[in-house]
Amino acid sequence: MDVTPLIILGDVVTPLIMIGIAVALSVLASALIPRPRQRRGDTIITTLTNRGAYLPVVIGKRRVGAIFAWAGGVKAKQGDDGKGGGSGGGTTYKEEGWHILCVGPMSMLHEIFANDKSIYKPDTPINSTSHPSGTVISTPKAGSFTIWWGEVNQPVNTWLGASKRVGITSRWPNICSITWNSKRLGSSPSWEQLEYVVESYCQGTFLSDSDMVLDFTAARGFNPAAAAAQILTATYPNGIGIPQENLDGLSLEEWGVLAQNEQTPVNILIGDGSGADAAIQGLLQDMGMLMPQVGSRLAFMPIRPPTKAIPLFGDDVQAPPSLERTMLRGDRRVSRLTFIFKTESNNAYKDYDIKIDDDPEAIELGSPSSNQASISTVTNLSVANQVARRRTQEELGNLAAVKLLALRGARQLSP
């Protein structure tokens with residue numbers, strides 16, 4: 001497990017724990033189940049384990065690549081295509097393997113891809129109630145696998161963690177994984193690149209005035225206020241464990257209601273060893289929120305256009321036109337902005353871009369000034385468009401000089 005130095009949020013000091021688990025997979029690869037004996041002339045199967053890899057954290061629905069924790073028990077057969085189809089004259093292969101997917105507990109499995117081709121997609125996504133941890137699932141083309149959702153008290157994995165063989169009984173809590181009992185590899189002994197579309201509910205109850213799951217006709221995901229609360233307050237490895245009383249509950253509830261009214265569900269993947277700080281920053285930026293510390297609590301405040309009339313200065317503060325004060329904010333630097341996000345369409349989760357052009361003359365002359373920004377917490381196109389429109393005002397807002405005509409304390413105002 002990886003623990004990083006302290007992060008200080010005003011008066012709140014908490015250990016910033018990287019949201020992930022550094023698994024010593026090389027030890028598991030050598031200790032759990034011995035590799036089969038190779039005969040002279042047999043093809044050597046490559047060991048695909050990863051040492052010190054980070055497990056991603058999923059809040060909502062995302063597609064994750066597997067961490068290969070162990071492979072073994074390879075079988076070669078002559079004249080079988082490895083997919084239940086009969087002869088072909090060549091050699092086909094099957095092998096056992098252990099894939100670690102993400103931090104658990106996980107709630108649903110939607111689909112499995114091999115080299116970007118779907119090999120398992122049930123009519124209804126399987127879940128931890130219909131298929132509890134330890135359930136064996138057969139696929140028409142790929143073989144059978146056993147799913148482990150990653151609960152704290154999930155059953156002991158008697159196949160990998162048999163105490164009589166490895167000297168210890170283990171259930172690997174908080175690790176969602178799949179053990180392939182006999183994965184059909186086809187004519188090549190190499191494993192494909194397997195990816196899994198999984199879904200995880202928020203770990204905890206944070207909202208009472210709005211829904212935890214936001215499910216609309218155009219988009220489905222989780223309330224961003226609940227997602228932020230999980231990252232900040234849930235216990236390791238699902239969060240960084242700030243006491244829940246250190247969050248301002250009223251502003252958190254208001255954010256939840258705002259997200260439900262604006263229909264902005266999120267689906268978050270925290271991977272590659274990213275910390276909680278990066279996850280919270282991305283979430284606040286996408287949702288147009290601030291997180292200041294007010295007193296001893298973290299509050300949540302939306303950045304939105306004003307809905308009330310802007311107050312006017314009266315005669316007691318108004319200055320004559322001769323006392324102008326000009327505050328330069330710089331020239332506009334960007335005329336074309338491209339937002340990149342992972343689209344959930346067809347469970348593909350591929351990069352998709354939204355382009356915003358803000359200077360027709362520059363575009364016509366072929367001299368636009370371009371910039372690229374990422375939307376990290378949204379996977380639905382309609383929600384991403386909504387986020388892009390709001391963030392465009394931040395990135396491409398008019399940066400011309402501001403002239404303020406005022407006296408007394410009003411002269412201390414900044415743009």
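The largest nonpolar core holds 53 residues. A nonpolar core is a set of buried Ala, Val, Leu, Ile, Met, Phe, Trp, Tyr and Cys residues joined through side-chain atoms within 4.5 Å. Buried means under 20% relative accessible area, exposed over 50%, and partly exposed in between (1.4 Å probe, protein chains only). Trp-255, Leu-283, Met-287 and Val-378 have the most contacts inside this core. Helix α3 (residues 224-233) supplies the largest share, 7 residues. Helices (H or I, at least four residues) and strands (E, at least two) are DSSP runs, numbered from the N terminus. Apart from this core lies another, of 27 residues, including Phe-68, Tyr-120, Trp-180 and Tyr-196.

The model is predicted: local features need pLDDT of at least 70, side-chain atom pairs count only at pLDDT 80 or more, and totals for chains, interfaces and linings use all residues. Residues are numbered from 1 along each chain as its sequence is written, and side-chain values use heavy atoms, with hydrogens and water left out.

Met-287 is in contact (heavy atoms within 4.5 Å) with residues including Pro-224, Trp-255, Val-378 and Arg-390, not counting residues up to four places away in sequence.

Thr-338 lies in strand β23 (residues 336-343). Its relative accessible area is 12%, so Thr-338 is buried. Leaving aside neighbours within four places in sequence, Thr-338 contacts Asp-353, Ile-354, Lys-355, Asn-371, Gln-372 and Ala-373.

Val-294 belongs to strand β19 (residues 293-294). Val-294 counts as partly exposed because its relative accessibility is 48%.
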